[in-house]
Amino acid sequence: MAVYYNDADPAACAWLRELISAGLLPAGEVDERSILKVEPADLRGFAQCHFFAGIGGWPYALRLAGVAKELSVWTGSPPCQPFSQAGQRK
């Protein structure tokens, strides 16, 4: 099963695609939409889903830990505060 990556930052998505192409992250779909636009049906067929995927820290850590990509895992990494669009960005 493929892996789902979601991040609204185009630069982060480009980086994820590079890491996937280099074989450093599991193959999967990179979705650049806002998390607010992702529907449950969009996630069907994915064993792993990484929201706010950033530079791929969670899927890389899972790979280093030997977690099979078929294991159902969902991760979420809230935006870094200096880059967050919420609050006072502190």
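Is Cys-49 buried or exposed? At a relative accessibility of 0%, Cys-49 counts as buried, where buried denotes under 20% relative accessible area, exposed over 50%, and partly exposed the range in between (1.4 Å probe, protein chains only). The structure is a predicted model, in which local features need pLDDT of at least 70 and side-chain atom pairs count only at pLDDT 80 or more, while totals for chains, interfaces and linings use all residues. Residues are numbered from 1 along each chain as its sequence is written, and side-chain values use heavy atoms, with hydrogens and water left out.

**Overall architecture**

The chain contains 2 helices and 4 strands, arranged from the N terminus in the order β-α-β-β-α-β. Helices (H or I, at least four residues) and strands (E, at least two) are DSSP runs, numbered from the N terminus. The chain has 90 residues, of which 33% are buried. Its accessible surface is about 5,800 Å², with 62% belonging to carbon and sulfur atoms; these areas come from the Shrake-Rupley method with a 1.4 Å probe, and for residues only the protein chains shown count as cover. Among contacts (heavy atoms within 4.5 Å) with a separation of 6 or more, 64% involve residues 24 or more positions apart.

**Nonpolar cores**

A nonpolar core is a set of buried Ala, Val, Leu, Ile, Met, Phe, Trp, Tyr and Cys residues joined through side-chain atoms within 4.5 Å. The largest has 9 residues, including Val-3, Tyr-5, Cys-13 and Ala-53. Strand S1 and helix H1 (10-21) are the elements that give two or more residues to this core, and H1 provides its largest share, 4 residues. Apart from this core lies another, of 6 residues, among them Tyr-4, Val-38, Phe-46 and Cys-49. The whole structure holds 0 disulfides, a disulfide being a pair of cysteine sulfur atoms within 2.5 Å.

**Aromatic pairing and Tyr-4**

The search finds 3 aromatic pairs in the whole structure. Rings of Phe, Tyr and Trp (its six-membered ring) pair if their centres lie within 6.5 Å; planes under 30 degrees apart count as stacked, over 60 as edge-to-face and the rest as tilted. The ring centres of Tyr-4 and Phe-46 are 5.3 Å apart and their planes lie at 55°, so this pair is tilted. The pair links distant parts of the chain, 42 residues apart: Tyr-4 belongs to strand S1 (residues 3-6), and Phe-46 to the loop between strand S2 (28-31) and strand S3 (48-51). Tyr-4, Phe-46, Phe-51 and Trp-74 form one aromatic cluster.

Arg-44 is placed in the loop between S2 and S3. Its C-alpha lies 9.8 Å from that of Tyr-4, although the two are 40 residues apart in sequence.

| Residue | Relative accessibility | Class |
|---|---|---|
| Tyr-4 | 1% | buried |
| Phe-46 | 16% | buried |
| Asp-31 | 7% | buried |
| Arg-44 | 66% | exposed |

**Polar contacts of Asp-31**

Asp-31 is found in strand S2. Its side chain makes a polar contact of 2.7 Å with the side chain of Tyr-4, and a further one of 2.8 Å joins the side chains of Asp-31 and Arg-33. A polar contact is a pair of N or O atoms within 3.5 Å; within protein, one must be able to donate a hydrogen and the other to accept it, and residues adjacent in sequence count only if both atoms are side-chain atoms. Leaving aside neighbours within four places in sequence, the contacts of Asp-31 include Tyr-4, Tyr-5, Cys-13 and Val-38.
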